[in-house]
Amino acid sequence: SYEQIAAAGGGILSTVRATRAATDAELVDSARRRLDEMLALGVTTIEAKSGYGLDTATELRILRLLREIDRQHPISIVSTFLGAHSIPAEHRGDRQGYLELLMDEMLPAVAAEGLATFCDVFCEKGVFRPDETRAVLTRARELGLGAKIHAEQLHNSGGVDVGIELGAVSVDHLEQIDERQIRALAASQTIAVLLPAATLFLGSHHFAPGRALLDAGVRVALATDSNPGSAMTTHLPLMTTLAAVYMGLRPDEALRAITRDAAAAIGLDERAGRIAVGRPADLVVTNLQHENQLPYRMASNPAAQVFKRGALVAAAGRRVDFSVT
């Protein structure tokens with residue numbers, strides 16, 4: 001299982017070792033390849049997280065590289081600091097020491113350079129407890145970063161409650177959310193980000209209750225959760241299929257979840273996810289006859305043309321030369 005692999009030193013910690021050993025060029029090249037895949041599928045903005053350094057130098061390196069890539073690639077990148085992704089191997093016997101490092105050294109350094117918009121915490125059994133999550137995110141908020149939480153993925157660990165309490169922009173995963181938390185989430189401004197690829201890839205049949213969340217009035221977004229441990233995919237259109245089949249979303253709800261409400265989940269509610277005069281012209285011309293075909297044509301590429309700020313940046317499944325100002 002995910003937890004057994006992590007306990008044996010695999011999963012996140014395996015990627016941490018590889019990331020620390022990688023050169024800047026290797027990290028940038030691999031990121032660009034994935035961004036090109038996303039762009040060809042119609043994605044023009046992403047959230048990218050750190051969290052595979054788990055020491056000050058590597059976390060800052062990841063976020064600086066993200067800033068560099070953002071300047072060079074058509075896709076806009078909203079960066080999130082995820083130093084609270086796991087306890088690194090060198091701190092396994094000093095949990096409090098790592099928390100102090102996060103709050104007293106890493107977060108101030110990230111904020112001082114303006115390297116991230118949000119701070120995220122993996123609130124989960126065996127990772128970070130609710131009280132630790134609250135402490136890290138409270139410190140992040142003091143430094144001007146918004147809050148996000150990996151919540152209720154493997155167990156119901158109370159991450160949703162902390163997120164609502166702190167006014168988090170989103171709580172992500174939610175496979176184990178309960179009815180009380182759904183009602184509380186509906187009464188808040190926090191967005192539910194559903195990540196069906198991770199559920200599928202981990203061999204679970206317990207998907208987040210998308211239908212129940214929407215029926216309760218929760219604002220729902222969808223994302224790939226593209227990561228090396230539990231969702232190695234860049235295929236955002238496929239998420240609409242998984243959401244329709246396993247989470248009960250209608251095609252129009254799935255479309256809104258990867259556009260307008262996804263934008264809101266990264267703080268771009270007033271800028272993205274709508275087509276209107278005066279808004280940024282990030283547009284996708286599809287080869288679909290109807291929105292119902294988005295989830296129906298499983299794992300196909302619906303993007304015939306992709307425009308970033310009015311410039312053509314991808315067509316027929318390939319990135320094209322561009323000039324974006």
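1. The structure holds 25 salt bridges, a salt bridge being a side-chain nitrogen of Lys or Arg within 4 Å of a carboxyl oxygen of Asp or Glu. The model is predicted: local features need pLDDT of at least 70, side-chain atom pairs count only at pLDDT 80 or more, and totals for chains, interfaces and linings use all residues. Residues are numbered from 1 along each chain as its sequence is written, and side-chain values use heavy atoms, with hydrogens and water left out.

2. E142 and R139 meet through their side chains in a salt bridge (3.4 Å, N to O). The two residues lie three apart in helix α6 (residues 130–142), and therefore about one helical turn separates them. Helices are DSSP runs (H or I, at least four residues) and strands likewise (E, at least two), numbered from the N terminus. E142 is exposed at 57% relative accessible area, whereas R139 is partly exposed at 26%; buried means under 20%, exposed over 50% and partly exposed in between (1.4 Å probe, protein chains only).

3. A salt bridge also joins D261 to R256 (3.5 Å, N to O). Here D261 is buried, with a relative accessibility of 6%, while R256 is partly exposed at 33%.

4. A network of salt bridges links E47, K49, D120, K148 and D172.

5. An open sheet is formed by four strands in the order β8-β9-β10-β11, with antiparallel pairing; strands pair if DSSP finds at least two bridges between them. Its edge strands, β8 (283–286) and β11 (318–319), each pair on one side only. Four bridges connect β8 with β9 (residues 303–308), and T286 stands opposite A303 in β9.
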